[in-house]
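Here is a short tour of one model, written for someone who has it open on the screen. Have a look first, and then read on.

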Amino acid sequence: MKFLSPRQLPLTIGLLVAAIFVFFPLISAGEFSLREPLKQTHGFDNYVWFFTAPDFGKYLGISFGLAVLSALILLVILVPTVIWLNLGGARFRGFVEFISLLPLVIPVVALAIGAQTALPDFAQTNEVILAFMFAVLAMPYAYRTLDTGLRSIPLKTIVEAARGLGASWFHTIVRVVIPVVRSTVTSALFMTLALSLGEFTLTSLLHWDTFTTWVTTMSQSNILGAISLSVFSLVAVFVLLLAISIFIRPTSNTVAQEEN
Amino acid sequence: MTQTEARLNRKGVPAWGTLTGRWAAIAVALLPLLVFMCVFFFAPLLDVFVSSFQDNNGAFSLLNYADVFKEPILTAMRTSLGLAFCSALVSAVPGAILAFLIESRGSERLRQIIASISGVLANTGGVPLAFMFVAALGLEGSATGFLKLIGIDIYGAGFSLYTFWGLVVVYAYFQIPLMVIVFSPAIHGLRREWNEAAKTLGANGAQFWRYIGVPLLFPSFLSAFLLLFASAFSAYATARAMTNGTIALVPLMIGNLLDGNVIFDEVNLAKALAVAMVVVTLVAMIPYLIIQRRAERWQR
Amino acid sequence: MNLKRVVAIAAASAVALSATVSISTAAQAASVNYCKVTNLKTAGGMDALVKAAKKEGALNVITLPRDWANYGEAMDLFSKAFGIKITDDNPDGSSAYEIQTIKTAPAAKQPDVVDIGVSALNGVIGAGQDKLFANYKVANFAAIPSKWKDANGAWYGDYNGIIGIAYDASVSPAPTKIADLTNPAYKGLVALTGDPTAGQEPFMSVYAAALANGGSLDNIQPGLDFFKKLKASGNFSATKATPENYIAGAYKISLTWNFNAPGNIAGAKAAGKNLKFVIPSDAVVAGTPYIQAINAKAPHCAAARLWEEFLYSENKGKYTADLTAKDLKLSGSKLFNTIMGGQNIWVSGGAAPILQADMTAKKTIISGPDGFNVPKGAKVYQPSPDQQVTGKTLVAAQWPTL
């Protein structure tokens, strides 16, 4: 079997160990979420409780929408920059990388307090602004992923070909480059989704209402329910990720096919 | 020279116009990013920076910074730095190994799935992460129980999830994926051709690694390490969810002073602490960027 | 004059008279600006206040956890009785968050009322500070001890609690006093609900430890030494005593407010665990009362004032579950007197209401949950805000290096 061959064995073992580390805590928490103490059994009661709670769909939708918007913002801001860096602006690479890493430098709570004073009133009530803040928080990872993705394709060739055939810059970026790095784009989207469902400090300190703050309000009355909600936040993203990964074809196969 | 190549002249910059054309291109490429960061990052940061130099009445004062160098903040700084260093070290090595295995031996599809999963895991934290580990490695955790069954009593031996090293273990959950994301490009850049060239020149595996592989990868490894350091240093939500303050950490102190129920008159001290953290992280990042620049050359 | 004319004139005058009367009452009612109302009288009486509050239809509260002194019941009862929707901003938030919100949040997110700690209050009142709170004296204002109220009615104490030991039923032997916590059988089982530098509950727990070990309200050091000893022996776990961590078995014994205990016990039971509570026999430490205040920028002024009247009502009446449709049709003041007053709801949550002395004298106080109140004859220690300042400094300096 291929994954037991001497060459692949270290990878298989490495992935197995990593999987245990990643999934064991999740499963442990999951076991708690499935407890039904009053019936002395295990079941999905806690999940039914929050699925049928009013506003569940509403707040999940809000966080999901914010994640999509946030990913879009990141793409709009970073893709042209990264393309330019890879085509000819290599001198500025260090500078851009530095900027993209800055959000890692400050603890979220300090950023939130600064934002309370710095952002105007309308910004603090309109949830759309939250998408921009999420984009800031996701920037270090997003920049990295996009840069890696764009470097692994023959970017210069593709851009030259598109431009040579008369495409505008907009057309080139949106209709040619981005589809080629589809998987990188989805990666960035999942990242913002995980961030959006888990980010609490910034969201609550700035009085926004998202899935995360709804979870805290709901969690007050029901401990096992609270646990199942946090398990759900993590598992939902994973399940979505796996589902989409099955349907997205790997990039290089696509490029190879296009080149043929 | 093709028509397109003529259009993209020597420095790879579109040949439309002269110097202004060049600057225009740079502006268009960088402006969205800079404007975005100015509004949503630098503006809040500026407020924090300015108030850190004020006392409670708004007058200019350096007292906050004087306090930063006194106990107990000094201990918190030391512990935070120590935690950042240990977490970075403990996570960088497995992360690098994992990244290497995936990049060099994994299929394209695997690499992309791992990239997505790493992105998701790198953003976990706070109460959900803390509870997951309490459920697994807490006093009555499932892993703790499992280990007891095979004869290992970790709590009896002095381990506790709510100590310095416990935090290092929990931080690894998002640090290792971060390492995988950050280090994979470096492995990707290690061309197979060099391995083959070395082999044809008579080097064996160990020699390849010693003279080519490690020296090429080490700068990237170091810069990834520094990134993990910065990430662990400023981590807040997870530590707050797990501990009760007996592990002195600077982000927790900032949280206590800004969003607490006991001390209310030291908001500007908290901001000075935040600025101090920024300074420390910047100091750590500058070597990162220098090293990255040099490692870059081999990755093109 | 013939009869028809007389009747016509009489009818016309009657119409004119009633029109004038209704116009003037309408004018009177419309002219009351509830944001400037300072007591029930200027509000036009309870009926008028209830009417105005119902018209507003909403109330913004902030950082009120449902199982904190049974605030959940208070909010549900107020909501159901008066048809007012309550929005609770960040239930687990801190007093600092409340103050920051009043100072910086946009109008739509302003809370109507706040419930903050005394230490938070001291930072925002005083000369030269912006006036954050609106003056309002509730009906029972005179009965509030003068130490815990502002002379003009800007703020007033509401309830306080006592630190006790919450422990899992499986712990053996069951602890009854602070000194018991050093028992080697409790290795790794004792936890605090947070950082004493950040939370009143753990901060007061350190005072309790101090009093149990020869300290005093002016000397918190023995409390710090006690926890240091507890940490060294391995009994003190650095975990945070939250309901989730309790269910996961991360700790079994913690020090909490008595008014948090009923909610915690009920929550634990629903999750399959058996939690017990006891006030330690070697140290009875009461916290300073929390403070109620109406936000000067309150978006729903009448509802805010009705809420405060409700919270300071000493009535013994119906809970949410007992309210009938008939009750809801009663007039404002009658309905108000039918429902359980906020002071008693706090008692049911295990807290000591500020009007306790008055209510005990008038025999309007209900009994609290069993075992939650002060053992008879025990001396209750209550650190004053000034004493807390000294205590805070010591704790902030020593806790991180414990």
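Two strands pair if DSSP finds at least two bridges between them. Strands here are DSSP runs (E) of at least two residues and helices are runs (H or I) of at least four, numbered from the N terminus. This is a predicted model, in which local features need pLDDT of at least 70 and side-chain atom pairs count only at pLDDT 80 or more, while totals for chains, interfaces and linings use all residues. Residues are numbered from 1 along each chain as its sequence is written, with chains lettered from A and ligands numbered from 1 in the order in which they are written.

Let's start with strand E13 (residues 291-295) of chain C. Five of its five residues are buried, that is, 20 or more other C-beta atoms, placed from the backbone, lie within 10 Å of their own. Its pairings are set out below.

| Partner strand in chain C | Bridges to E13(C) | Sense |
|---|---|---|
| E3 (residues 113-116) | four | antiparallel |
| E4 (residues 133-134) | two | antiparallel |
| E5 (residues 156-157) | two | antiparallel |

C:Gln292 stands opposite C:Asp115 and is also the bridge partner of C:Tyr156. C:Asn295 faces C:Phe133.

Now to the neighbouring chain: 37 residues of chain C are in contact with 31 residues of chain B, contact being C-beta atoms, placed from the backbone, within 7 Å. On the chain C side, E9(C) gives the largest share, four residues.

Within chain B, B:Ala135, B:Ala136 and B:Leu137 in H6(B) meet B:Ser142, B:Ala143 and B:Thr144 in H7(B).

Terms used:
Contact = placed C-beta atoms within 7 Å. Buried ≥ 20, exposed ≤ 12 C-beta atoms within 10 Å, placed from the backbone.
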